[in-house]
Amino acid sequence: QIFNQHNAETPKLEQAFHRMAQMEPNLDHDVSWFLLPSYWAKMVVALISFLCFANSYDGDFVFDDSEAIINNKDLRAETPLGDLWHHDFWGSKLSSNTSHKSYRPLTVLTFRINYVFAGGFYPVGFHVINIILHCIISVLMVDVFSILLGGLQFSHKGRRLNLAPKSSLLAALLFAVHPVHTECVAGIVGRADLLCALFFLLSFLGYCKAFRENKEGHTFSVFWVLMSVILGAIAMLCKEQGITILGLNAVFDALVINKINLLELIRKLLYKDKSLENSGLLRKGLLFRITLLMCGGASILYIRWRIMGTGPPAFTEVDNPASFADSLFVRAINYNYYYSLNAWLLLCPWWLCFDWSMGCIPLIKSVSDWRIIALAALWFCLIGLICQALCSEDSHKRRILTLGLGFLIIPFLPASNLFFRVGFVIAERVIYLPSIGYCILFTYGFSVLSKQAKKKKILAVAVLGILLINVVRCALRSSQWRSEEQLFRSALSVCPLNAKVHYNVGKNLADKGNQSAAIKYYREAVRLNPKYVHAMNNLGNILKERNELHEAEELLSLAVQIQPDFAAAWMNLGIVQNSLRRFEEAEQSYWTAIKHRKKYPDCYYNLGRLYADLNRHIDALNAWRNATVLKPEHSLAWNNMIILLDNTGNLAQAEAVGREALELIPNDHSLMFSLANVLGKSQKYKESEALFLKAIKANPNAASYHGNLAVLYHRWGNLDLAKKHYEVSLKLDPMAPGTKENYNLLRRKLEQLQKKGG
């Protein structure tokens, strides 16, 4: 009975705690917004965040997805799991000089799990996980914003009180529907940012749990402080930005738990005020907790540095032009301009682009450039907010503004170029975490306007309109991320000066067989960036295929002159020189390519073709054998070996090579065809017939397959079947060489047999 009475009193006690807490200044008093129970608020946020990006679920692998997923050997079952801990995000060894040093093993592990469960590279499963992750993060934001905007207070039972239900719902909705998040959600590679954000938030919420039993502000849970450090480390293993949560936890502790006035603290430190010794810093354990956070962070960074092995990654000037500027003034001005553009993307996320490098944003080289206004506007706003955050007499206002600025700036620091050079100018994905700070500041600004506005409903409708516009923009942008063609073309209007945009549009067109249109975009890419060697290489390739050999040679020669270690360009130059019958130069180009890329099976294959043209048969066979050693599934190299051995009368060796090839590539119909020809010449008709029929089943429209099977039947004496397959071959290709003559010979023979029989 006593137990029941206690339960009956519990809701009243919690309501009392809630009323006492709400006596303090609170954003919700001024915000004209929907008030929903916590469960329903989270359901609404989850549903809306899902609707924003749902149409990306069946998109393709686009842009960086190819390198990070399709071409990443770390996803394959044959790669030991232990290799993930020694490779970068793209599957390269961290110790390699070419590695980007992006160490995200947990993200790659989730890709591998996706690959295993899907049974291959099917993008739907990858996209669905990204959408679910964003929904989970958006729901967690309701709790995070309730703490950041309403403060951290617990009931007597240890339940956290949501003191800002309306404000936290608005801020979470702003986060959930922000269009700048599309790259992270609709682009599969954005999984790194999503996982990092998930553990980032869990670390923050875990740190808040450390004060759940804190009755008088004197006690805390060391376990949860350490757990927040571990969760921060996990966040960093998903993406490097995750480490910044430890700094934010320290800021939160100082401002919310210890209610420190930063300006007052600075004054006391400057004037060596003795009252500082009697302050609550030591009594409340702040210094001890910050020491734990600092030691944890330093340990994580040290381990990360040891794993990385070598120095920072080597980026090129086109990746981040400002960082290569000789003048410190030019670097500083442009870095600040990049910050202002990132801020603009948060404020007005209408112009979005998958890549902002390669001339998309021309450098500011003098103070007369009108874009200096953007820097002035940025710092005017920041200085104003900082002054309010430090000097305001309203402690509630100081706390919210400082936390907003902290969550805006601190997670952005790894991408700021202040500590090390980064490999991009602007990347929308790195704003995923800083947008938390933007949502805090937006919500606070809305509360200030609501407090002063006479017609609060109009203001609420305006904010609702912004949310709806953002939902539409998310849906439109998600649809653009569904395919490379839409994604690349969408960038042409945003970054027309970006050579990489034109290059990617051209590459996409070339992959679809539209070479004429591809040439136009490749030429524009080279015009915009005369040192764009990849565009030169691809353009040279197309011109080579169109037999425009002299211009192709000029482009490829220029590419290797600009980048002497560009192996692919050296190989393609060798192919062009071979076509121009400059064999010595071609051989030299092939060997230069192999020097710069030791494991280059395609180059060995082309080298073998050169030697075959020169009747250097042994060298040709050795080159093709090297290609198959490096790439056992290299069908063309195997085929050429079989054909060369067949043509030179080495039937036994050709048969042995053919059987070896089919063991490695059992379903390759071209290998079946080549081996069937050899077996037919060796009078192994039955086995030859079986292989011909198997090849025809795999590729029924190959005229040569039917024609050569007809020749086999002709030799074998099975004339009716020979006639049938000659006719099929001629139907598929009336101009097939030799087939018509053989068919006419067969018909004459059949006529002679009929006359004899008659």
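Because Arg489 and Glu485 lie four residues apart in helix α19 (residues 484-494), about one helical turn separates them; helices here are DSSP runs of H or I with at least four residues, strands are runs of E with at least two, and both are numbered from the N terminus. Arg489 forms a salt bridge with Glu485, with 3.9 Å between the closest N and O atoms, a salt bridge being a side-chain nitrogen of Lys or Arg within 4 Å of a carboxyl oxygen of Asp or Glu. The model is a predicted one, in which local features need pLDDT of at least 70 and side-chain atom pairs count only at pLDDT 80 or more, whereas totals for chains, interfaces and linings use all residues. Residues are numbered from 1 along each chain as its sequence is written, and side-chain values use heavy atoms, leaving out hydrogens and water.

Arg489 is partly exposed at 35% relative accessibility, and Glu485 is partly exposed at 32%, where buried means under 20% relative accessible area, exposed means over 50%, and partly exposed lies in between (1.4 Å probe, protein chains only). Across the whole structure, 27 salt bridges are found. Another of them pairs Arg429 with Glu183, whose closest N and O atoms are 3.0 Å apart. This pair links distant parts of the chain, since Arg429 sits in the loop between α16 (395-409) and α17 (435-452), while Glu183 belongs to helix α7 (residues 182-186), 246 residues apart. Arg429 is partly exposed, with a relative accessible area of 24%, whereas Glu183 is buried, at 8%.

Both residues return in the lining of the largest cavity, which also includes Asp64, Asp65 and Trp481. A cavity is a set of points, on a 1 Å grid over the protein atoms alone, where a 1.4 Å probe fits but cannot get out, and lining residues have an atom within 4 Å of a point. The largest cavity holds about 90 Å³ of space, and the structure has three cavities of 30 Å³ or more; a volume is the space filled by probe spheres set on the points, which are joined across faces, edges and corners. The second largest cavity has a volume of about 40 Å³, and its lining includes Tyr338, Tyr339 and Phe412.

Definitions and conventions: On a 1 Å grid over the protein atoms alone, a cavity is a set of points where a 1.4 Å probe fits but cannot get out, and a pocket is an open set with protein on both sides within 12 Å along at least five of seven lines; lining residues have an atom within 4 Å of a point.
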